[in-house]
Amino acid sequence: MSTEPRNTLYGVIGEFDSANALMAAARKIREAGYQCFDAFAPYPIPGLSEAMGLHYGLKGWKHNLVPQLTLLGGIGGGLTGFFFQYWVNVIAYPLNIAGRPLNSWPAFIPVTFELTVLGASSFAVLGMLALNKLPQPHCPLFTVPRFKRASNDGFFVCIEAKDAKFNLAEATKFLEGIGAKFVTEVRDED
Amino acid sequence: MSEKPVNSPEIRRLPRVLEPGYNYASVTDKIASIVLTRPVSLGWLAGFSISFTILMVLLGSIAWLIIKGVGIWGINIPIGWGFAIVNFVWWIGIGHAGTLISAILFLLNQQWRTSINRFAEAMTLFAVACAAVFPGIHVGRPWMAFYMFPYPSTMGVWPQFRSPLIWDVFAVSTYGTVSALFWFVGLIPDLATLRDRATNKPAQIIYGMLAMGWRGSARHWHRYQSAYLLLAGLATPLVLSVHTVVSFDFAVGIVPGWHTTIFPPYFVAGAIYSGFAMVLTIAIPLRKAYGLEDFITMRHLENMAKVMLATGLIVAYGYFMEFFLALYSGNKFDVFLVQQRLHGPYSGYYFALILCNILTPQLLWIQKVRTNVAALFVMSLVINLGMWLERFVIVVISLTRDFVPGAWGRYQATFWDYSTFIGTMGLFVSLLFLFVRGLPAISIAEMRELVAHKSEGDE
């Protein structure tokens, strides 16, 4: 355990006026060769993730596994639903209801359907949160006072220090060069 | 200025979805201020006190029910269901409009859903909560209501899944869970907004915990949007399945008036019908009290009136088909039941139902009525009453007029039936009062999208 308080460089952040400016900036940052950067907007901007090069082309699917997880949850929920009912009504507690077969599969469909939806929805939400690494109570960006506006009317870009190409002075200059305002460094400190 | 597209509201002379002159910050300010800065008004306090008192009536009624048993209600063989099931079906139906607005209109890309979806979803959750009260306390020994769920009991007893009643348990609990997930996912970005704008420590901590560190990252938004779209796609068949399963509770039985294949679609249409009526009942006072006329515009009210008219006609078709099929089949029990509806001891309820659900809504064909806020409010109350009467007619007339005259009976609701029913309205309205002060009643993030969309259109 180190006794030194944590104080490392997280990245450099800049603000833009509008969604279009943010989109243009994201494209320029990607073209400049930065890999680890993120854009922040108060509402989902169509095309922004493509501009950042995240979800573009065939390789893009890796960035968004939510649909695959949802399918998995749905199949899992449905199979669990059906075979649970089968186990209950055929194996664990067989009851003769008006001479109907123990495995009255059509009667098991409503519950199977409900559990399919339940499984898929839970996986969609929990999968989305997990892939987004949420809940995350603290993020170094929250120390930047102006960043509060990201949930109101601010559009931000942050180039992260973990990027191989990152250099504080260069990145700052680059952001200012593409029109960012209030460019500041973000520190990850205790 | 370029030419207006053909379907632009101006050309069709429709009121706007959002009044002009708003930008991202002013939308945020206006909606967030209701929660964060606005002082508690006397009206809110009075409204909440009244509804909370009514909620206490519910708790009192339930306590008395637990002490004395279901005998305090008007139910007795042959009427085992009575108010409890009437109210259950009514409340569950009301919830359906919330999901319809949030899921189906989202998939259909209807922009006008934006400012009403949040509180309509809240309404869904609260209506499901009210509905869930009834089966739980109707079972006779409410402390054993958990028997409804399959669990490894020491007696080795399991439910049998050929019964619609157990399907109902799964349908309603899945519906409640998925509605809550959908609502919460929609709330995350707005909770982040509240966290960033709150000025006092407790609010920052509470909203901060709930927002889970949301910061509007493009990566997050991308996955968020696909999760939201998938949830909408999943909630759509779910909402249709829920009232279908509720109608199976009736249709799978052989009781005259219940055993019919028209029930699932007509129950779903009725659910949406009553749900939209309830959305209007809430939206009209809400927009007035908090000055949200610019966000919940006449366009919204009119569209909801149109949905009510359309679903009302489907319901009317359902009533007609019930009659027609009974007469066409020639089944004497079904024909007899039709006669009982028209001439039996409960014919007054039946004609009131026709008046509320079929005749009154025909006024909605007239545009002047659709755009008259007071008329819409009254009509929404009339339709809510009508839909309640519909369930009363279905449950009570069929059960009191079974196959054998020896099994006939009468049903009279007692004071406790009414107090429990009215009490759930207290629960519903109390939750709504808390909701409008604790969470943004309109989705701020989606309103910003709407602003962005509008400003692009003007360029």
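## A helix pair in chain B

The crossing of α3(B) and α7(B) is left-handed, meaning that the near helix is turned anticlockwise from the far one by less than a right angle. The model is predicted: local features need pLDDT of at least 70, side-chain atom pairs count only at pLDDT 80 or more, and totals for chains, interfaces and linings use all residues. Residues are numbered from 1 along each chain as its sequence is written, while chains are lettered from A and ligands numbered from 1 in the order in which they are written.

Helix α3 of chain B covers residues 82-107 and helix α7 of chain B covers residues 218-251; they pack at an angle of about 155°, with axes 9 Å apart. Axes are lines fitted to C-alpha atoms, for helices over the stretch in contact, and angles run from 0 to 180 degrees between N-to-C directions. α3(B) and α7(B) are therefore roughly antiparallel (an angle over 145 degrees). Helices are DSSP runs of H or I with at least four residues, strands are runs of E with at least two, and both are numbered from the N terminus.

## Residues between the helices

Residues of α3(B) that meet α7(B) include Val89(B), Ile92(B) and His96(B). Among their counterparts in α7(B) are Ala232(B), Val239(B) and His243(B). By class, this contact of α3(B) with α7(B) has 12 nonpolar, six polar and no charged residues. Ala, Val, Leu, Ile, Met, Phe, Trp, Tyr, Cys and Pro count as nonpolar, Asp, Glu, Lys and Arg as charged, and the others, Gly among them, as polar.

## Where chain A meets chain B

In chain A, 54 residues are in contact with 48 residues of chain B (contact means C-beta atoms, placed from the backbone, within 7 Å). α4(A) gives the most to the side of chain A that touches chain B, with 15 residues.

Methods. Contact = placed C-beta atoms within 7 Å. Parallel < 35°, antiparallel > 145°, perpendicular 65-115°, else oblique.
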